[in-house]
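Here is a short briefing for a reader new to this structure. Look at the model first, then read the points below.

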Amino acid sequence: MALNGNGCCWVQERILSGNGCGVFLTPRSRSSTAILPLKSTALSFSSSFQFQGFVVDRKQSSSSIQTAAVRHLVGSVTKTQGLRFAVVVARFNEIVTKPLLEGALDTFRKYSVNEEDIDVVWVPGSFEIGIVAERLGKSRNYHAILCIGAVIRGDTTHYDAVASSVASGVLSAGLNSGVPCIFGVLTCENMDQALNRAGGKSGNKGAECALTADHSIWGAYRSKW
């Protein structure tokens, strides 16, 4: 809209169609209190258009609207230079926890983590893992901490109390220290289940723990670094 010297304003109106774009200048009186729109005109677009941060493709339904502001941070298992890890391992059920530890260390080696950048801390049982993990995290010497243990159900309710406390302890360690604490504590019904997850037919959960630690570091901290 523009104002000329005669006190009239010109209203620029555009009609979009698939064949092109027309521009019309229509005189309006200054005393007009409102500008009435043209009669409804069917609009069609030959390509996608963008408005208020959203991108819409005319070939897609309205449910396909995606925001252009979303960023995806994906971890990397190749950029391990300068990263330091701690592994907290329970001695109880060592027949299970030792293979889990070996799986984690082997994975670190495959992805070029230096041995001098890995510290292994043994604790009596899984119950003590969370306490030690939190202290290691607060030391600011590590980028991630692996928590490895095995709790196997017995004849009493001791299993339920320990399993719940271990999970809460590892979670609290990560929240209170600000360092990723990876839960690698097996909670199994029997020894066969535990051994199958410590290098048996169900894989090695210690190796998975090491991969998770690396992904957690880059997913959480890459934007800061």
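Which helices each supply at least two residues of the lining of the largest cavity? They are helix 1 (94-110) and helix 5 (205-221). This is a predicted model, where local features need pLDDT of at least 70, side-chain atom pairs count only at pLDDT 80 or more, and totals for chains, interfaces and linings use all residues. Residues are numbered from 1 along each chain as its sequence is written, and side-chain values use heavy atoms, with hydrogens and water left out.

**The sheet**

- Four strands make an open sheet, ordered 8-7-9-10, with parallel pairing. Strands (E, at least two residues) and helices (H or I, at least four) are DSSP runs numbered from the N terminus. Two strands pair if DSSP finds at least two bridges between them.
- Strand 8 (118-123) and strand 10 (181-188) are the edges; each has a single partner strand, so one side of each lacks a neighbour in the sheet.
- On average, neighbouring strands of this sheet are turned by 15° against each other, direction ignored. Axes here are lines fitted to C-alpha atoms, for helices over the stretch in contact, and angles run from 0 to 180 degrees between N-to-C directions.
- Six bridges join strand 7 (residues 85-90) to strand 8 in the parallel sense. Valine 87 has valine 120 of strand 8 as its bridge partner.

**Helices on the sheet**

- Helix 2 (residues 129-138) lies across strand 7, strand 8, strand 9 (144-152) and strand 10. Helix 2 runs at about 175° to strand 9.
- Helix 3 (residues 158-177) packs on the sheet and touches strand 9 and strand 10 (contact: heavy atoms within 4.5 Å). The direction of helix 3 makes about 175° with that of strand 10.

**The cavity**

- There is one cavity of 30 Å³ or more. On a 1 Å grid over the protein atoms alone, a cavity is a set of points where a 1.4 Å probe fits but cannot get out; lining residues have an atom within 4 Å of a point.
- The largest cavity has a volume of about 50 Å³.
- Ten residues line the largest cavity; Thr107, Phe108, Tyr111, Ala210 and Asp214 lie nearest its centre.
- Helix 5 gives the largest share of this lining, three residues.

- The largest pocket holds about 260 Å³ of space. A pocket is an open set with protein on both sides within 12 Å along at least five of seven lines.
- Its lining has 16 residues, with Phe92, Ala150, Val151, His158 and Val162 closest to the centre.
- Strand 9 and helix 3 are the elements that give two or more residues to this lining.

Terms used:
Grid points are joined across faces, edges and corners, and a volume is the space filled by probe spheres set on the points.
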